Amino acid sequence: MQYNLPAMMRSDRPIRLLFGLLSALPLALLAGCMEPFEVPEATSADAQLYVRRCSLCHALPDPARMTYGQWVAVVGRMAQNIRSQNVPQVPDDEYQQILRYLQRHAKADAR
Ligand code: HEC
């Protein structure tokens with residue numbers, strides 16, 4: 001008997017599907033542990049830039065969640081995430097603007 005495998009089983013799609021699910025997992029976790037918060041200085045241009053650039057792939061993180069030093073590292077990693085994805089690219093001066101905004105509202109350093 002001729003048996004036609006469903007297209008999904010013949011292609012590499014299951015692998016890509018699995019990969020997609022795995023890479024979505026951290027985002028789901030990130031969203032899951034988010035407390036509701038108010039965006040600081042919400043009507044300012046800085047806050048609006050932050051919302052526009054940083055809520056495309058996951059829920060917007062609370063600026064008070066980390067220290068400024070931690071934000072510098074995370075935003076550097078986000079620049080890599082953004083470069084590797086098909087999302088609007090962020091110019092350097094906007095990363096600087098976002099970091100200055102995060103610096104004003106970051107968690108205080110323990111030191
Ligand atoms: C292109 C999609 C994308 C955009 C846009 C994006 N992120 Fe992310 N973000 C991710 C991915 C993927 C992860 C999980 C992997 C990682 O941490 O790199 C993540 C994780 C995070 C985390 C959790 C990391 C941790 O260590 O707890 C924070 C905080 C974060 N992003 C902040 C931001 C900020 C701030 C911006 C705006 C500058 C931003 N993201 C824009 C994709 C994105």
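Residues are numbered from 1 along each chain, in the order in which its sequence is written. Because the model is predicted, local features need pLDDT of at least 70 and side-chain atom pairs count only at pLDDT 80 or more, while totals for chains, interfaces and linings use all residues.

The protein chain contains 5 helices and 0 strands, and from the N terminus on its elements run α-α-α-α-α. Helices (H or I, at least four residues) and strands (E, at least two) are DSSP runs, numbered from the N terminus. Of the 111 residues of the protein chain, 5% count as buried. A residue is buried if 20 or more other C-beta atoms lie within 10 Å of its own, exposed if 12 or fewer, and partly exposed in between, with C-beta atoms placed from the backbone. Among contacts in the protein chain with a separation of 6 or more, 75% join residues 24 or more positions apart; two residues are in contact if their C-beta atoms, placed from the backbone, lie within 7 Å.

Axes are lines fitted to C-alpha atoms, for helices over the stretch in contact, and angles run from 0 to 180 degrees between N-to-C directions. Angles under 35 degrees count as roughly parallel, over 145 as roughly antiparallel, 65 to 115 as roughly perpendicular and the rest as oblique. On the helix 3 side the contact is made by Asp-46, Ala-47, Leu-49, Tyr-50 and Arg-53, and on the helix 5 side by Glu-94, Gln-97, Ile-98 and Tyr-101. These residues divide into 5 nonpolar, 1 polar and 3 charged.

Apart from its neighbours within four places in sequence, Leu-49 is in contact with Glu-94, Gln-97 and Ile-98. Leu-49 and Tyr-95 stand 46 residues apart in sequence, with their C-alpha atoms 9.6 Å apart in space. Because 15 other C-beta atoms lie within 10 Å, Leu-49 is partly exposed.

Helix 4 likewise packs against helix 5, at an angle of about 150° with the axes 10 Å apart, and the two are therefore roughly antiparallel to each other. Here Tyr-68, Trp-71, Val-72, Val-75 and Ala-79 of helix 4 meet Tyr-95, Ile-98, Leu-99, Leu-102 and Gln-103 of helix 5. This contact has 9 nonpolar, 1 polar and no charged residues.

Two loop residues complete the account. Pro-88 lies in the loop between helix 4 and helix 5 and counts as exposed because it has 9 C-beta neighbours inside 10 Å. Pro-88 and Leu-56 are 32 residues apart in sequence, and 9.3 Å separate their C-alpha atoms in space. Glu-41 belongs to the loop between helix 2 and helix 3. With 15 C-beta neighbours inside 10 Å, Glu-41 counts as partly exposed. The phi of Glu-41 is near 40°, a positive value in a residue other than glycine. Most residues other than glycine have a negative phi.

Terms used:
Nonpolar A, V, L, I, M, F, W, Y, C, P; charged D, E, K, R; others polar.
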